[in-house]
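Please keep the sequence and the model at hand while reading.

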Amino acid sequence: ATVRAQRLTYVGELGWELYISVEMALHVFDQLHKAGDKHGLRDAGYFAIESLRIEKGYRAWGPDLTADYSPLEAGLSFAVDL
């Protein structure tokens, strides 16, 4: 399977994001688990990832940022040129 791996993560922890075709997703998932079982690899759900993101202070459009709040009100003063 062709996989694009980026050492970049939405949650701010060291990790990898993998971009693969839908057709190969199950195969890659199975192979990752096969290789990771001996290392204690476990699945983590969306809310686990969200808790890491919130802990890191990363904002997301929708739950944290909306058109109702300015970037300054959302705690993004470091990104605002006043």
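A residue counts as exposed when its relative accessible area is over 50%, as buried when that area is under 20%, and as partly exposed in between. The model described here is a predicted one.

**Helix α1**

- Helix α1 comprises the 12 residues 25–36.
- Val 28, His 33 and Gly 36 are the buried residues named in α1. They lie on the same side of the helix, because the arc that they cover around the axis is only 130°.
- An α-helix has 3.6 residues a turn, so residues three or four places apart point the same way.
- The exposed residues Leu 26 and Lys 34 are carried by the face of α1 that is turned away from its buried side.
- The cover over the buried residues of α1 includes strands β1 (3–6) and β2 (17–20).

**The aromatic pair**

- One aromatic pair is found when the whole structure is searched. Its members are Tyr 46 and Phe 47, whose ring centres are 5.7 Å apart. The planes of these two rings stand at 70°, and an angle over 60 degrees counts as edge-to-face, so the pair is edge-to-face.
- Are these two residues buried or exposed? Tyr 46 has a relative accessible area of 55%, which is over 50%, so Tyr 46 is exposed. Phe 47 is also exposed, because its relative accessible area is 71%.

**The largest pocket**

- The volume of the largest pocket is about 710 Å³. It is lined by 21 residues, of which Trp 16, Glu 17, Leu 18, Leu 32 and Ile 49 are the closest to its centre.
- β2, α1 and α2 (46–56) are the elements that each give two or more residues to this lining. Which element provides the largest share of the lining? That element is α1, with six residues.

**Glu 17**

- Glu 17 belongs to strand β2.
- Beyond its neighbours within four places in sequence, Glu 17 is in contact with Arg 4, Ala 5, Gln 6, Leu 8, Thr 9 and Tyr 10.

**Arg 59**

- Arg 59 is located in the segment that follows α2. Its relative accessibility is 32%, which falls between 20% and 50%, so Arg 59 counts as partly exposed.
- If residues up to four places away in sequence are not counted, Arg 59 touches Arg 53, Asp 64, Leu 65, Ala 74, Gly 75 and Leu 76.
- Arg 59 and Ile 20 are 39 residues apart along the chain, and their C-alpha atoms are separated by 25 Å.

Conventions. Residues are numbered from 1 along each chain as its sequence is written. This is a predicted model: local features need pLDDT of at least 70, side-chain atom pairs count only at pLDDT 80 or more; totals for chains, interfaces and linings use all residues. Side-chain values use heavy atoms; hydrogens and water are left out. Helices (H or I, at least four residues) and strands (E, at least two) are DSSP runs, numbered from the N terminus. The expected span of a helix is 1.5 Å times one less than its number of residues. Buried means under 20% relative accessible area, exposed over 50%, partly exposed in between (1.4 Å probe, protein chains only). The arc is that of the directions from the helix axis to the C-beta atoms. Contact means heavy atoms within 4.5 Å. Rings of Phe, Tyr and Trp (its six-membered ring) pair if their centres lie within 6.5 Å; planes under 30 degrees apart count as stacked, over 60 as edge-to-face and the rest as tilted. On a 1 Å grid over the protein atoms alone, a cavity is a set of points where a 1.4 Å probe fits but cannot get out, and a pocket is an open set with protein on both sides within 12 Å along at least five of seven lines; lining residues have an atom within 4 Å of a point. Grid points are joined across faces, edges and corners, and a volume is the space filled by probe spheres set on the points.
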